[in-house]
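Biologist: Please take a close look at a single part of this model and describe how it is packed against its surroundings.

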Amino acid sequence: MMSNSIFDLTGKIALVTGGAGHLGSAFSEILAANGATVVIASPNLEKSQAFALKLGPKHEAMKLDLDDSAAIGATMDQIVKCHGALDVLVNNGYSGPAPSIDKATPEDFDKTLHRGLTSYFVASQQASFHMRKRGSGSIINIASMYGLVASYPEVYVGSTVNSPPNYHALKGGLIHLTRHLAVYWACHGIRVNAISPGPFPPKRVLESPGGREFIERLSQKVPLKRMGEPREVQGALLLLASEAGSFITGQNIVVDGGWTAW
Ligand SMILES: NC(=O)c1ccc[n+]([C@@H]2O[C@H](COP(=O)([O-])OP(=O)(O)OC[C@H]3O[C@@H](n4cnc5c(N)ncnc54)[C@H](O)[C@@H]3O)[C@@H](O)[C@H]2O)c1
């Protein structure tokens, strides 16, 4: 039976890059729970396959390294060939160097920007070629609060975690690229939005040397006085992916416990 919920994604095909990671798995879960068929794409096929299987039999995984621009278009083509459409693209996959300001090199910037900005553009562009044929689609770029505000240097002292300059440049650029794509593709019925998560550290950060103290310092900067749980970004993602967000485009939804409100 079809649901009449404005959040229903039954029959929709969604691609989530890095969709088995810390936040990516929450994105994949909420899309699947609301009826979408989810394709998880990442370099780690085994992990993605295991996670897709956990979501249910209709979901699948594909191997994709975002550094390989040519493979991005081929992945989209294959999804459309197998499933007949691509309705939702979540540009989420990322990993990269995290150097300090003193040690950051041009190569660090090149790598970061290629993986987290150029590749998100290529994925959006290639997805748009399919979406515009049907006159609809939703593209969601996972940015960061650090694309909006600078970090507090003192919070990172004594921690193994860094707040690297290349990451700030990347996420700021991604939020603005989102606006640009949104206005160009609105005429094709394609919506393009960003989500900027605040602090959602995975368990390995808490368990790292100085991790607990770092999380305590970070929590003091959050009006809600705690870190986010991956399930807490699911609502924003579902809103943007579904009919519930049909008049929202070119926006950046910040899910940060109030960090940027101060
Ligand atoms: N966790 C946070 O606190 C936080 C805060 C703000 C923004 N974000 C953003 O959320 C997104 C997900 O982060 P996360 O915390 O879940 O990290 P994560 O490391 O748990 O997951 C990242 C995923 O990206 C995939 N990936 C890595 N390199 C890739 C490549 N070359 N090609 C394709 N996929 C690749 C990995 O396989 C992994 O599944 C990132 O864009 C990150 O910048 C995270």
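Modeller: Two residues are taken to be in contact when heavy atoms of each lie within 4.5 Å. The model is a predicted one. In that sense, and leaving aside residues up to four places away in sequence, L117 touches T112, L170, G173, L174 and L177. L117 itself belongs to helix 4. Between L117 and T249 there are 132 residues of sequence separation, and their C-alpha atoms stand 19 Å apart in space.

Helix 4, which spans residues 106–134, also packs with helix 3, residues 69–83. Two packed helices are described by the angle between their axes and the distance between the axes. For helix 3 and helix 4 the angle is about 35° and the axes are 9 Å apart, and the crossing is right-handed. Helix 3 contributes S69, I72, G73, M76, D77 and V80 to this contact, while helix 4 contributes H114, S119, V122, A123, Q126, A127 and H130. Sorted by class, the residues in the contact of helix 3 with helix 4 comprise 6 nonpolar, 6 polar and 1 charged.

The ligand may be described alongside. It is surrounded by 26 residues, of which H22, L23, L66, Y167 and F200 are the closest. One oxygen atom of the ligand is 3.5 Å from a polar backbone atom of G21, and an oxygen atom of the ligand lies 2.9 Å from a backbone N or O atom of N92. The side chain of S95 places an N or O atom 2.9 Å from a nitrogen atom of the ligand. On its own the ligand has 830 Å² of accessible area, and the protein covers 85% of that area.

Terms used:
Residues numbered from 1 in each chain as written. Predicted model: local features only at pLDDT ≥ 70, side-chain atom pairs only at ≥ 80, totals over all residues. Heavy atoms only, no water. Axes fitted to C-alpha atoms, helices over the stretch in contact; angles between N-to-C directions. Helix = DSSP H or I, 4+ residues; strand = E, 2+ residues; numbered from the N terminus. Left-handed = near helix turned anticlockwise from the far one by under 90°. Nonpolar A, V, L, I, M, F, W, Y, C, P; charged D, E, K, R; others polar. Near = heavy atom within 4 Å. Polar contact = N/O pair within 3.5 Å; in protein donor to acceptor, adjacent residues only side chain to side chain. Areas by Shrake-Rupley, 256 points an atom, 1.4 Å probe, with all protein chains shown as cover.
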